[in-house]
Amino acid sequence: MATVGVGTKSREIKKVFFVSSREKGRREKLKNIWKRKCCNVEGDGGVSTKKKSIEAGSCNFRGRRVIELDVLARALDSCCSACGKALQLSNCQDETISGLGSFLYIMCSDPECGEVNVCTTNKSHRAAGAGRGRPVFDVNTKLAAGMLHAGIGVTHVNALLTSINLPAVGQNTLKAREREVGPAIEAVARNSCLEGLQLEKECRRTGDTEQVVKIGVSYDMGWQKRGKGHNSLTGVGSMIGLSSGKVVGYSTRTKRCALCEAAKRNGKEPRSHDCRMNWTASSKSMEPDVAVELVKGAISAGAQVSVMVGNEDSATIKKVRESVTHEVDKWSDITHAKRSFGSHLYSLQPQHKGILSTKVINHFLKCFRYALSQNKDNVDSLEKNLKAIVPHAFGKHNKCDSSWCGFLKSPTTYKHKSLPLGKDLKGEKLEEDLNAVVDIFVQNSEKLAPLGSSQSNEALNNTIGSKAPKIRHYGGSESNDFRVACAVSQKNVGYSYVAKVSISFR
Ligand SMILES: [Zn+2]
Ligand SMILES: [Zn+2]
Ligand SMILES: [Zn+2]
C-alpha cells in the first residue's frame, strides 16, 4: 500500500461523437451510482516533481490517497473494457471517495472510443449479510480496527488523516466499519480466552483421565471511570490463570445505551441494534456478578475454579461460593496485602511521633516483603517469620532464625542496617501496637503463603484503559466492548491479533 499525491486543475469530460444514447445513459448512470463526490483536500506542494506530467493530462483530483499499488496497477493493465487500449492515470476524469479508498473514472486513451472505465484503488469485500450495494474497501475496515487498537475515536483518526492530506473519513462510514470489525475482534478475544483456559487446564492437569480440572485464577474488576468512585457506567471483570498467565474469561457490564436513551427521550421504540446495556444496579455490585458468570463459564468448559486470588472484597467470594457446588479457596492478593500492611503502619504514626518514622516503617515493609518471598507455599515458616519481625527490631532475637537474623550470626558486632543509627527500637506501647498489626497478617498466613497476585489483572485493566481512555466515554455503544476485546486479545495473542482480525472479515 502506498500514499500518492497529485494536484491538477479540473476539466470537463470531453464530448465524444458516435456514442449511442444507451451507452451515454450507461455512462451517466455509472457516474451517478456513487453519491459522494471528489473531496477538496488542498495539495501542499510536496509532489512538485510529478505535477507537470499529470497537469498535461486531464485528471482533477488533489491531495493524497491510500493506494494498494498492485490493485491499481492491475486495474490500469487490464485496459479499456470497450476497445482494449491502454488506460492512463492522468486520464482520470472523476473520483468517488469512500473512506480511504477511491473509485477512479478513467477515460480511454483513445479519444475516438471515449469509454469511461471504473478502477478501484483498494481491495474490497462484501459486508456480511449485504448481498447487494456498494462493496466495502478492506482498508476502511482495517482503519476501524486500527482505531479501536490505537484507542482513539473518529475525531482523532480524521485529525491524523487530514494533517497528511488524506481525505477525512465520515463519522458514519467509520462507525459502520467499526460495527463490522468489532464482532470479529470479540470472536478473536473469546477464542483466545478458551485457548487460555485449555492451557491453564493443561498446566494443572494431574492425570490423563481427569474430566474436570481444578484451576487457580486471579480475579479483578476495572471500572472505566477516573478515581475510585464506584459510579462508573461500565465495568470489566477478568479472570487470569495463575499458571498460564492468560486471560481465561472476561465480561463487561454496561449501564448506558445512547440509542435506547435517545429513543426513550423521543417516546419511540428504539430501532433494532446491538444493545449492550445489561446492568441497572450499582457499579460496585457488578464485581460479584461477573465473577459468578465467569466461574460458571469455566465449569461448562471443564475447569473448576478452586482457587481465587482477589482483593479483600468479601462480597465476591461469598456470592461465588453460594452459586457453585464445589469448594472455592480464597487467596489474598499479595500486592494488596503489602499495601494494606503499609497503610496499617502509617495509621499508627500519629500516636508514635518521633519513633515510628518513615524510615522505621520502610524497615518493617522490607521485612514483611522478605518474609513473604522467602516462605512461598510454607505456611508454618511464614507464620514464624512474621511473628519475629517486631521482636527482632526491639532487640529480642529468641524468635529469629539464623538464616536471616544478623544478630544470631554475630551478636557482638550486629547493627540494624535500616533502623535509625542501627539501634534497637524502644517503647512497650509501640511494640504492642506493631505486634497487633502483624497479628492480622499472621492469622491470614494460609492465604498469603501461595503469593497469589492479581497484578496481571491490573496490567490488563491498564491496557483496557489505553484502548478506551477514561477521559473519553465509549460506554454509550458497543464501542466499549470492542475496545475491551482488543485489550483481551492483545494480552492473550499479542499484537498479531490485529492481523487475525483482518483475515476474519474477508
Ligand atoms: Zn477504449
Ligand atoms: Zn440499546
Ligand atoms: Zn533477630
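## Ground rules

A residue is called buried if 20 or more other C-beta atoms lie within 10 Å of its own, exposed if 12 or fewer do, and partly exposed in between, with C-beta atoms placed from the backbone. Helices (H or I, at least four residues) and strands (E, at least two) are DSSP runs, numbered from the N terminus.

What you're looking at is a predicted model, where local features need pLDDT of at least 70, side-chain atom pairs count only at pLDDT 80 or more, and totals for chains, interfaces and linings use all residues. Residues are numbered from 1 along each chain as its sequence is written, while chains are lettered from A and ligands numbered from 1 in the order in which they are written.

## The whole protein

Let's start with the overall count: the protein has 18 helices and twelve strands. Of its 506 residues, 36% are buried.

Two residues are in contact if their C-beta atoms, placed from the backbone, lie within 7 Å. Take the contacts with a separation of 6 or more, and 68% of them come from residues 24 or more positions apart.

Two strands count as paired if DSSP finds at least two bridges between them. Five strands make an open sheet with mixed pairing, in the order S10-S9-S8-S11-S12. Its edges are S10 (247-254) and S12 (329-332), each pairing on one side only. From one strand to the next, the twist averages 30°.

Here is how some of the neighbours join up. S9 (residues 234-241) runs antiparallel to S10, with seven bridges between them. Ile240 stands opposite Val247 in S10, and Gly235 has Arg253 as its bridge partner in that strand. The hairpin of S9 and S10 has five residues between the strands, and Gly245 takes a positive phi near 75° there. On to S8: S8 and S9 pair in the antiparallel sense over seven bridges, with Val217 partnering Gly241 in S9. S8 and S11, by contrast, run parallel and are joined by six bridges; Ile215 has Val305 in S11 as its bridge partner.

## What covers the sheet

How many residues of S8 are buried? Ten of its eleven are, so to speak, under cover: S8 is mostly covered. S10 is mostly covered too, with eight of its eight residues buried.

For the angles here, axes are lines fitted to C-alpha atoms (for helices, over the stretch in contact), and angles run from 0 to 180 degrees between N-to-C directions. Helix H6 (residues 171-204) packs on the sheet and touches S8 (213-223), S9, S10 and S11 (303-310). The direction of H6 makes about 140° with that of S10. Helix H16 lies across S8, S9 and S10, and runs at about 45° to S8.

## H16 and its neighbour H17

Stay with H16 (residues 455-467) for a moment: its axis and that of H17 (residues 479-493) come within 8 Å and cross at roughly 135°. That makes H16 oblique to H17. For the wording, angles under 35 degrees count as roughly parallel, over 145 as roughly antiparallel, 65 to 115 as roughly perpendicular and the rest as oblique. H16 passes H17 in a right-handed crossing. A crossing is right-handed if the near helix is turned clockwise from the far one by less than a right angle, and left-handed if anticlockwise.

Which residues meet here? From H16 come Leu460, Thr463, Ile464 and Lys467, and they meet Arg483, Val484, Cys486, Ala487, Gln490 and Lys491 in H17. By class, this contact has five nonpolar, two polar and three charged residues. In that scheme Ala, Val, Leu, Ile, Met, Phe, Trp, Tyr, Cys and Pro count as nonpolar, Asp, Glu, Lys and Arg as charged, and the others, Gly among them, as polar.

Gly465 is partly exposed, since 17 other C-beta atoms lie within 10 Å. The C-alpha atoms of Gly465 and Gly222 are separated by 9.0 Å, although these residues are 243 apart along the chain.

## The three-stranded sheet

There's also an open sheet of three strands, in the order S3-S4-S5, with antiparallel pairing. S3 (92-98) and S5 (116-120) are the edge strands, each pairing on one side only. Neighbouring strands of this sheet are turned by 20° against each other on average, direction ignored.

S4 (residues 101-107) and S5 run antiparallel and are joined by five bridges. To spot the pairing, look for Leu104, which stands opposite Cys119 in S5.
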